[in-house]
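Please read this note with the model open beside it. Each point covers one part of the structure.

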Amino acid sequence: MEKASENYDPQVLARISSLKISAMNLVDGLLTGQHRSRHKGSSVEFAEYKDYSPGDEIRHIDWKVAGKTDKYHVKQFEQSTNLKCTILLDASGSMAYPSPNDNKESKFDYACNLVAGLSYLFLKQFDAVGLTIFNDQVIQHIPPRSKASHLQHILHGLSNISVEGITRVDDVLAGLAERLQGRSMLILISDFLTRDQNIQKSLKLLSSRGLEVILFQVLHPDELNLPFEGDTVFESLEDDPMVGLDPADIREEYQKTIQDQIDQLRNTSNGLGIDYILMDTSTPLQQALSYYLLKRKSLIKP
Amino acid sequence: MSLNFSSPFFLFGLLGISIPILIHLLTRRQQKHVRFSAVYLLFQSQKRSIKKSKPNRLLLLFLRCLGIALFSLALANPFFSLGSSEAFRNNSPSSYVFIFDDSFSMRSQVKEKNLFDLATQFLSKLLKQVPEGSEFSLVLASRPARIDQGWISQKGSFEKLVQNMRPSFQTTDIGHSLEKAANLLKTAKFKSKKLILLTDLDKNGWDKGIFSEIDPLPPIPLQVFNFSTLSLKQNQVAVESVQTHQEFLARSRILKIKTKIKNLSKENQRFPVSLILDNKSEKEVLLDIQAGQTISRDFSIQLRKGDPVHGQIKAGDDVLPVDSRRFFSHHPDQNIKVLVVDGDPGAVSHQSESFYLERALNPFSVSVSHIDPTISTLAELPLRKLSDFSVVILANVREFPIDYELELEDFVLRGGALIFGMGDQIDAKYYNEKLGNLLPVTLEAIQNIDKTHLLFKNIKHPVMQAFSAKAIEEMKDIPFKAIYTIQARNKKKFNVANWFTNKNPAVIETGMGKGKIVVFLSSLDRAWNDFPIQPTFLPWIQRWTQYAARGLENISYQNLLVGETYQQNNDEGRWVVQTPGGNLYQATTQDGKTTLTETLDPGIYSVFKIPEDYLQETITKLPLGSQPAGTFTVNVDTKESSPQKISEEDIKAFLPDLKVSIKNPNLIDSPLPSSEGKELATPLLLLVAGILLLEGWTVRRE
C-alpha cells in the first residue's frame, strides 16, 4: 500500500513527467540511430570480409569470392542493438550539493536528467537499459529491459530517491561486477568525491571482464572553483567534520587538488580504455550528451 | 622586588591595545555556514597551505597588541629592582645632592666650550627630569670643598644658580666634598636620597689621606658622571714654577727668571716658552722636553733702575691654558731697613759700635747701598717696632728688656734677620739661658789672644764669593785680639761661614722660621779688632745684611697659590688689594697682620695703602693719594694639571661602602639616573622591534 501511495504521489508523478519530457526533448533533438555498438556480430547488414579461420561458421563463407580467389572469406555483418546497459547512479550526500549562490538544480537533478535522457535514448533504439542507484550500498536496482514502457520504471526509480549517505563506489562496483554479464555496457554517473583510493582497482576489474564502461563525472562549478568569499564554515554533505576557513586562503591549493583528482581519474580511465566525460552542471545537458554521442560515433567505423 | 616607572603617564598608551582589537573586530567578516560536498578536499588543501602560508589573524592581533603594550611600557621607563621600591623610584620627590667639580682642570677646552660649561649644561638637563617637589643642594668640589647651596625646593632658583656658576682656579678635593654631601644628606627631607657627582675624575682630587681622615660615608648610591670622556685632547704642558733672582751681591742689574716647565703628555715634545713682560713677548725659546719630564730654564733680563717687573711665563698652547702660564713679580733695589742696637754706646762717638756700623751700612746716601739704618740704644728698644725693620743688628748688647727675646723670636720666625756682634758687655750666662731658641750655640768665654786672622780657605759662602782675591788678601791681614769661643747646643744646626786661623768659628749662621740669625764672634767696633776701619768692612757688613734680609724680602713679595691667604706684617692704616680683574678688596687687619683671602684668580695683585684722611667705609674706586705698597702673585697649583685619571677600581677602593656607578654623560639625551634598579626601557624597545619584524613578516606572508 505504501508503495502504491508513493507511486501516486503527485510530486513524484510531476517529477517523472518532467524527467520524461526533458529526456524526450534531449534525445529527439539529437541524431537518432547513431547509437552503435562496438561489438561486431551477425546481422542482415554486411559489414566486411574476414579470412576464414577454423571455428567460423561455414554458412558464412562467401563461396563466390572463394571461387574467384581460391581463398575462403567469411562475411561479417554489423550487429545492432540487443545491447544491455546498466546505469549506475551515485546518490550519496555529495551529489545533493545545491549551490548557495544560485537556485539551479543540484548535481543529482542534473544526473537524473542525464539518466532519463540516456535511458530514453537506449529504449528508443530497443536496447535494454537498467538502473542501479547507490551510495555506500545499492539503494535501488532496476534490471535492464528493452521495453519502451521500461522508461517509466526507470523514471519512477529516479524520482523517489533521497540523496544522502557516503560514497562507496568501489564496494558497489565490486558487487556489480560479479552480476553483470560480459559484453554489456556500464554507465557510471557520480561526482567521484570520495576519499576512497580503490576506485582504480574496481575500474580495472570491470574493464577486465570485457564490460564497456563509461564514466560521467558530474561536478558543480563551485566544486571546481571554490568561489566562496569570507570566513566560512563548511559543513559536509557526507560524514566529514566541519571546517572553518577563509576560502581565499586555500582557493589556489584547492583548485589544484581537485584538478589533480580529475586528471588522475581521466588518466586511469584512458589507460583502461574507459570513456571518461566530465560534466559541469553549468554546461547544458544536451550539449554534453551530443558531445558524448559524437565521440562514440567517431569510435565506430562507418 | 618591585617594578616602577619613571614616566607612568605613558602607561595610558596601553589603551592603544584597543585599536588593533577594534580593527580586528570590525574587519572580521561574519562567518557563513555552507553545506559543501568536497570538504575532505578542503581539509587536504588547508593542510598543505599551512606548510606554505598560513596567516593567522589571531597571531597578528596578539603581536600588534603586544607591540603597543611593550612600547607604552618602554616609554614609561620601567625600573625593576629586587630591593624596596621607594628607595629608587624615579618619579617620587627625592633629595638630590649634586657635587660639582669646579676645579680648574674642568676648564679643559672642548671645541668652543669647556668641560665646565658642558657639565652645567648637563646638570640643567638633569634638573628638568627631576620629579616636581624634590629638594636640591649643591656642593662644590674645588678646594676647599664647600656647600654652595643648602637644601632648596625651588627648582627654578636652583637652575639659575647652576647656570651662574663659574669654574674656579683651584684644585679638586673630592674627599671633603663627599663628606659635606653626606652631612647634607643627614638633614634631607625625603627618604629617597640621590648623590650625583659631576667631575673629570682628575686623580689629584682623590687624595687617599683625605679619605682616611673623613668620617665613613653612609651606604648611599653614588652616581658619577665622567666628563673627561668628552675631552678631545689631553693637557700637554704646565709651568710649574717661576722664581726671580737678582744677583744683589755683585750689584748686578740682571734679573734671572728661573722657570720649570713640565711635559704632561706621553710623548717627547717641543714647546715654545715665552717670557711676557707687560703683555709683550720679550723672549721666546723652543724647549724639547721628554715625556713626563720637567726641565728648568732661566731667562735673564736687564733691570731698569728701581722699576718693578711684572710678567708671566707662557708655555705651549694646549686645551688647558690656565696652567700653561705663571705670573711673577719682582721689586728690585728695595731699601733694607736695619735697626742697629748699640749695647755699649761710648761717650766718644767712634768708640761706639753704632758709629762704624752706621757709616758702613750707609756711607753716602740710601740710593747707593739701599740700606737704611736706624740707630737705637737698648733703652729705646721697646719703643721700636720690630716689624718696621728687615734686619736687627745687636752689637754688644748685654741683655734685653724682660721677655724681649720672645719678640725677637717672633720677628725671626716671620722672616726677620738678626745679626749679633760680640763685645765685652755680653753676658754669656744671660745669652745662654734666655736666647736658647735664637742662638744655636752657647757662648763659652772671651778668648784674648795675641793675634788671629780670618781664615779664607775653600770659602764657598755666597757672601764671601762676591769678594775679589785682592779684597780677601786684605781681609786675611786683619788682626783679631779677642774673640768669643762657643759650644754647639744639642740638636741645633748651624753653619760656620768663616773660621779664625786659631780654629775658632768667626761667623756662624742658622735659619729659624722664615728668618735668619748671624753671629759674628768678635766685636763690631775697634775694641777687639781693627776690622771696622778696614775698607773691606763696608762691603762685608753690607752684604751680610743683604744676605740675612733675603728671607724677609721673599715674604714681602709673596708668590701665592690660588686660595692662599695674603699676609703682611703691618696692621697700620688701611690697605686695599687690586685683583688682576681690577676688583678692589679691602684687606682686613687682625693681630698685627693685614690679610686678604680673596686670592681666587691667578695673576698679579697690587697692594695700596689708603690715605689716612680717606674715611669712607666701602672702597669701590682707588682713592686719590693711595700709595702703591707692592705686589704679590697668585698662581694655580699644578698638581691639578696632571692628566692622570682615577680608575673605577680605585674609586671603589676609596669608597667601599658606597654603591658607585660611573657613567659617561650623554649631552643629547640624559635620562636621570636611577640610583638602583635595572632599566628595562632598552630591552623592551628591542623586543618591540623584534615583534614589529615578526608582524611584518607574517603580514608579508599573508
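**Notes on the model**

1. β3(A) (residues 84–90) and β6(A) (residues 185–190) pair in the parallel sense over 5 bridges. Two strands count as paired if DSSP finds at least two bridges between them. Strands (E, at least two residues) and helices (H or I, at least four) are DSSP runs, numbered from the N terminus.

2. This is a predicted model, in which local features need pLDDT of at least 70 and side-chain atom pairs count only at pLDDT 80 or more, while totals for chains, interfaces and linings use all residues. Residues are numbered from 1 along each chain as its sequence is written, and chains are lettered from A and ligands numbered from 1 in the order in which they are written.

3. β3(A) also pairs with strand β4(A) (residues 128–134), parallel, through 7 bridges. There, A:K84 has A:A128 as its bridge partner. Of the 7 residues of β3(A), 6 are buried. Buried means that 20 or more other C-beta atoms, placed from the backbone, lie within 10 Å of the residue's own; 12 or fewer makes a residue exposed, and anything in between partly exposed.

4. Chain A as a whole has 10 helices and 10 strands. Of its 302 residues, 35% count as buried.

5. Where do the two chains touch? In all, 20 residues of chain B are in contact with 26 residues of chain A, contact meaning that C-beta atoms, placed from the backbone, lie within 7 Å. On the chain B side, α2(B) (39–52) gives the largest share, 10 residues. By class, this side has 9 nonpolar, 7 polar and 4 charged residues. Nonpolar covers Ala, Val, Leu, Ile, Met, Phe, Trp, Tyr, Cys and Pro; charged covers Asp, Glu, Lys and Arg; the others, Gly among them, are polar.

6. A strand pairing also joins the chains: β8(A) (residues 232–236) runs parallel to β2(B), with 5 bridges. A:F234 stands opposite B:V34 there.

7. Chain B has an open sheet of 8 strands with mixed pairing, in the order β19-β18-β20-β21-β27-β26-β25-β23. Its edge strands, β19 (371–377) and β23 (454–455), each pair on one side only. Within chain B, β20 (391–395) and β21 (417–422) run parallel, joined by 5 bridges, and B:A395 stands opposite B:G421.

8. Helix α6(B) (residues 174–186) has 13 residues. Its buried residues include B:I174, B:L178 and B:A181. Among the elements that cover the buried residues are β4 (95–100) and α7 (208–213) of chain B.

Conventions:
The expected span of a helix is 1.5 Å times one less than its number of residues. Two residues are in contact if their C-beta atoms, placed from the backbone, lie within 7 Å.
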